[in-house]
Amino acid sequence: MENRNNITVFILLGLSQNKNTEILCFVLFLFCYIAIWMGNMLIIISITCSLLVDQPMYFFLNCLSLSDLCYTSTVMPKLMTDLLAKRKTISYNNCMTQLFILHFLGGIEIFILTAMAYDRYVAICKPLHYSIIMSRQKCNRIIAACCTGGFVHSATQFLLTIFLPFCGPNEIDHYFCDVYPLLKLACTDTYRIGLLVIVNSGLIALVSFVILMVSYLLILYTIRASPAGSRAKALSTCSSHITVVILFFVPVLFIYIRPTTTFPEDKVIALFYTIIAPMFNPLIYTLRNSKMKNALSKVWCQKPFLTGRQII
């Protein structure tokens with residue numbers, strides 16, 4: 001515990017040491033951050049101000065958009081500030097706080113994506129029982145469970161890291177505080193802790209990813225004999241979800257399912273689940289979803305809200 005106090009500030013090496021590259025990245029990420037806020041806020045306001053908020057799929061989408069905004073805001077402001085700064089530093093306490101919040105919101109996002117897949121499975125495979133199974137009370141309990149799961153996951157990561165002794169060096173080869181770069185700096189054997197991180201982060205992501213893929217395979221199997229129109233509609237909805245899942249889960253699995261090692265490519269891979277996925281989620285869910293496009297046009301053009309309610 002005393003050795004840990006030798007390090008009060010960490011230096012973030014960031015994405016690049018080239019000033020011109022950093023300025024270019026700043027402009028690019030500023031555009032991305034604005035797009036993330038605009039896209040997700042459009043979804044949140046459009047769903048909240050229409051009857052879509054009463055439908056489970058859009059209720060979960062609303063929560064996902066809010067989670068995306070909070071998740072990316074944990075990283076982006078600090079990243080953009082550091083791109084313009086000569087010395088990129090973060091205090092020990094702020095580093096641990098960022099680690100906790102990032103994994104808390106990331107865990108929530110993983111569980112919400114799993115809940116959305118479950119919702120589509122029930123809607124398509126058990127349509128007659130959908131309204132009973134996916135009642136508002138059940139949806140609220142699912143979101144509460146997602147938040148609880150995210151907290152347990154993050155608290156575990158936090159406890160695995162907070163007691164590590166850091167006695168130098170203090171340079172984190174990343175643009176935010178994460179477990180593996182911190183384990184690399186710890187002046188103690190972190191092999192067992194690394195295994196626990198794999199169990200806590202890697203296996204959670206892997207199990208959730210497998211559940212998601214199995215649910216979509218069951219959906220595809222169920223709709224194989226459906227009429228062409230219904231099949232196309234179900235495929236359109238599910239393909240949007242699968243695209244989001246791949247954008248988020250594949251990079252996460254690349255980072256966390258392996259032993260405690262870091263690669264230079266990790267920083268670029270991490271951009272996918274911290275910036276790119278939250279930015280593309282609104283586009284994926286609106287451009288390929290006629291009900292979302294209708295809600296956007298009705299809400300923002302001051303037209304009457306939707307009155308019909310459909311499962312898909």
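Author: Let me begin with one serine: the side chain of Ser 16 reaches the backbone nitrogen of Asn 18 at 3.0 Å. That is a polar contact, meaning a pair of N or O atoms within 3.5 Å, where within protein one must be able to donate a hydrogen and the other to accept it, and where residues adjacent in sequence count only if both atoms are side-chain atoms. Please keep in mind that this is a predicted model, in which local features need pLDDT of at least 70 and side-chain atom pairs count only at pLDDT 80 or more, while totals for chains, interfaces and linings use all residues. Residues are numbered from 1 along each chain as its sequence is written, and side-chain values use heavy atoms, with hydrogens and water left out.

Reader: Where does Ser 16 lie, and what does Ser 16 touch?

Author: Ser 16 lies in the loop between β1 (9–12) and α1, where helices (H or I, at least four residues) and strands (E, at least two) are DSSP runs numbered from the N terminus. Leaving aside residues up to four places away in sequence, Ser 16 touches Thr 21 and Glu 22, a contact being heavy atoms within 4.5 Å.

Reader: Is Ser 16 buried or exposed?

Author: Ser 16 counts as buried because its relative accessibility is 17%; buried means under 20% relative accessible area, exposed over 50%, and partly exposed in between, with a 1.4 Å probe and protein chains only.

Reader: Okay, new topic. How many disulfides does the structure hold?

Author: The structure holds 2 disulfides, each being a pair of cysteine sulfur atoms within 2.5 Å. Counting the bonded cysteines along the chain, the pattern is 1-3, 2-4.

Reader: What does Cys 95 form a disulfide with?

Author: Cys 95 forms a disulfide with Cys 177, and their sulfur atoms are 2.0 Å apart. This pair links distant parts of the chain, since Cys 95 is in helix α4 and Cys 177 is in the loop between β3 (171–172) and α7 (179–185), 82 residues apart. The torsion about the S-S bond of Cys 95 and Cys 177 is about -125 degrees, so the disulfide is left-handed. Cys 95 counts as buried, at 0% relative accessibility, and Cys 177 counts as buried, also at 0%.

Reader: And which cysteine pairs with Cys 167?

Author: Cys 167 pairs with Cys 187, their sulfur atoms lying 2.1 Å apart. Here too distant parts of the chain are linked: Cys 167 is in the loop between α6 (136–162) and β3, and Cys 187 is in the loop between α7 and α8, 20 residues apart. Cys 167 counts as partly exposed at 36% relative accessibility, and Cys 187 counts as partly exposed at 31%.

Reader: What lines the largest cavity?

Author: The largest cavity is lined by 15 residues, of which His 103, Gly 106, Ile 110, His 153 and Tyr 256 lie nearest its centre. The largest share of that lining, 5 residues, comes from α4.

Reader: What does Ser 201 touch?

Author: Not counting residues up to four places away in sequence, Ser 201 touches His 103, His 153, Gln 157 and Tyr 256. Ser 201 lies in helix α8, and a polar contact of 2.6 Å joins the side chains of Ser 201 and Gln 157.

How values were computed: 1 Å grid on protein atoms, 1.4 Å probe; cavity = no way out; pocket = protein on both sides within 12 Å on 5 of 7 lines; lining within 4 Å.
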